[in-house]
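Reader: I am new to this structure. Please show me how to read its features.

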Amino acid sequence: MKMAILAVLLWPKDSSKELRQVKFEPSGINVVTGKSGTGKSSLLHIVDYCLGSGKCSIPVGHIRQTVSWFGVHLRLSDGEVVIARRNPGDQDQTGDVLWKDSVADPTEINLENMESIGIATLKRRFNKRAGLSDLGFEPGTTTNNFKSPVSFRDLAAFNFQPQHIVANPNVLFFKTDSFQHRETLVTIFPFVLGAVTTTQLVARWKVEFLEKELERKQGRLNQLANATDEWLREIRGVYSRARELGLLPSSSTPNQNWTAKQYLQLLQEIPASFAEKGPVYDAGVTAESLVRLRELEDEQSDLSRQIADRRRSLYRIKRLLSSVTSFGTELKSQDERLFGLGWFQEHVTKVPNCPLCGNENDQAKEQIVRLSELALELEEVTNKALASPPLLDRESVQLERDIRMLEEQLNSVQKEKWQLEDQSAELAERRLTINTASRFVGRIEQALESYWKTTDDSELQKEIESLSREITRLRKQANRNLERQKVQDILERFSNQITAYVRKLQLARADDPVHLNIKELQLEVTSQEGRRDALWEIGSAENWMGYHIATLLTLHEMFLEQPASPVPSFLMIDQPSQAYFPDRWPGDDDKDIVPTEETGNVEDVVKSTLAKRSEDLEGVHRIFETLALAIEKCKGDLQIIVTEHAGPITWKDVPNVHLIENWRPGGDQYLIPSDWLNVE
């Protein structure tokens, strides 16, 4: 993810003071040097806080006492933005965040005109720009475990090396000294390395969903198959019963050699035939009575439907009548409040001046005219509303009449039907037979439907086959074995690429293979005997610091080789020279060479101290040469910001180094300007 820090911004609590900016170059090595206690280390924590950190690590004291808002000016792939976050004071953090797009000069920004967003929105915007998926690493995971979706904030592990991390033998990455961040980074590392892609994550989730869908459809198919098997075992009896009910006129008597397919060919014609003309009987049946009975049943169904329709309409009319009545009453009340407006208008128009203020002004008269127009409109609407209930009443009465009339017709039809059925025992039996046949046909229809769903060319079977093919395809796409092989290949490439930085820094064991253990988040160096030694086993702060820097530079080089890595393309390192000068930079406020009686000859002490200082200076110089090598290998696409107490002598003649500010007496202002502190 392309991201460069153009400036760190501080807005003072004292509005008479100007915005404080610490500007950076978007590429190369940016150095802020100075004495201890000038605010150098705070730059890293300000950037981290403004990018959505859950806790503010900016030191309490002068900074929090004088600053109202902290901010960063960023260059992203789609333009420049300014982000500001309120000083939390004595709190751990605050959710007040401001955002401003398309910013060229932060001094022209008015905080009141910036868009106010929360931390959640800030993270979502960066997640979107980084191309991060909202899918977890395991299907079904929630946001409360280590398999949840990767967040832009998780990637901060690769952007910051604060003072307590850069030479730490036990912790390699920022914030992984906490269990939560450590376990999260272990989970997302394959994704960050490019071994797992968003496409693979989507495939994992789809497989899980489609497997459940396949299981459901397969279960349905099995149920249908079981029911069909049971039905087919009884199909001879079903066929005989259909003949008894008159559903298979002129059909043949089955024999023992008939197959299930022959039975099915005959039975599948029954539902359509029954729907068209009902069961067919032999001669001798009172056909006219049966025909009339069927007509009466159809008429009974039609009348029942009409009655139901009108009852629904009547219910709606009564609800509407109630609403209109209430609305008209309310309008009438409003209209009565305007009673007397006509009298007031008539008398006001006769007065030459404004009746309210006495001035020659027509505005009051114009407003009264407007009120009068509105009163007329209100009266018209009120009259219409009050006139509606009678219309609705008429509609309601008409519907009630229709219902009564239809109910009388229905009673008449039912009486005729009952009389016709009671006239002969044969008709009563036929009626029972028809009902029995209807239920039987329904069972046949359902059984046939189930049978066709279990055949090889059924829609359900086709859906199951399609799901199986899709799951097979997605499993290949989300292949865990392939993922593990890709991780192994990438880590092998890491071991090859880190060698250049390790040798440039002249670290111990520089010729031994270096491995990144992403399960333990630790470096391991393999001896000639094949033993793997952890970083903390190698010893010396110089080596711990050097391997930290070599690791981060190698990873950023690999991130930039990816087509679209989500990791922001900057790295902030605080006090890497502490491995050589842990207490101070030589010459800052005290004498660097202090011989004592115990040390013996003063000249020898001076020579020894100067030799050690020269050696340490060379070590710090190698740090900057190594950073310059990374800028070259990354083709200028990486921004490195170093806050140091080391002086310019340590990066002399090193390319791509930009001295941003020198916070020493006689140099630039410190992070907090002296006039903010009322110091002369």
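**Salt bridges**

Author: A search of the whole structure finds 27 salt bridges. This is a predicted model, in which local features need pLDDT of at least 70, side-chain atom pairs count only at pLDDT 80 or more, and totals for chains, interfaces and linings use all residues. Residues are numbered from 1 along each chain as its sequence is written, and side-chain values use heavy atoms, with hydrogens and water left out.

Reader: What is a salt bridge?

Author: Side chains of opposite charge can pair when their charged atoms come close. Here the term requires a side-chain nitrogen of Lys or Arg within 4 Å of a carboxyl oxygen of Asp or Glu. One case is R305 with D309, where the closest N and O atoms are 3.3 Å apart.

Reader: Where do R305 and D309 lie?

Author: Both are in helix α10 (residues 287-337), four residues apart, which is about one turn of the helix. Helices (H or I, at least four residues) and strands (E, at least two) are DSSP runs, numbered from the N terminus.

Reader: Which residue forms a salt bridge with E407?

Author: The partner of E407 is R311, with the closest N and O atoms 2.5 Å apart. This pair links distant parts of the chain: E407 is in helix α12 (residues 363-422) and R311 in helix α10, 96 residues apart. E407 has a relative accessible area of 26% and is partly exposed; R311, at 46%, is partly exposed too.

Reader: Which side chain does D533 meet in a salt bridge?

Author: D533 pairs with R509 at 3.0 Å, N to O. Distant parts of the chain are again linked, with D533 in strand β11 (residues 532-534) and R509 in the loop between α15 (480-504) and β9 (514-517), 24 residues apart. D533 is buried at 7% relative accessibility, whereas R509 is partly exposed at 24%. Elsewhere, salt bridges that share partners join E213, R216, K217 and E463 into one network.

Reader: What is the nearest side chain of opposite charge to D574?

Author: For charge, Lys and Arg count as positive and Asp and Glu as negative, while His and the chain ends are not counted. The nearest one to D574 is K40, 6.5 Å away, and D574 is buried yet has no salt bridge. D574 sits in strand β12 (residues 570-574).

Reader: Which side chain is joined to D574 by a polar contact?

Author: A polar contact is a pair of N or O atoms within 3.5 Å; within protein, one must be able to donate a hydrogen and the other to accept it, and residues adjacent in sequence count only if both atoms are side-chain atoms. The side chain of Q163 has such a contact with that of D574, at 3.4 Å.

Reader: How many disulfides are there?

Author: A disulfide is a covalent bond between the sulfur atoms of two cysteines. The search looks for a pair of cysteine sulfur atoms within 2.5 Å, and it finds zero in the whole structure. The sulfur of C50 is 8.8 Å from the closest cysteine sulfur, in C56, too far for a bond. C50 is buried, with a relative accessible area of 0%.

Reader: How many residues of α17 are buried?

Author: The number is 17 of the 21 residues, so α17 is largely enclosed by the rest of the structure.

How values were computed:
Buried < 20%, exposed > 50% of the residue type's maximum accessible area, 1.4 Å probe, protein only.
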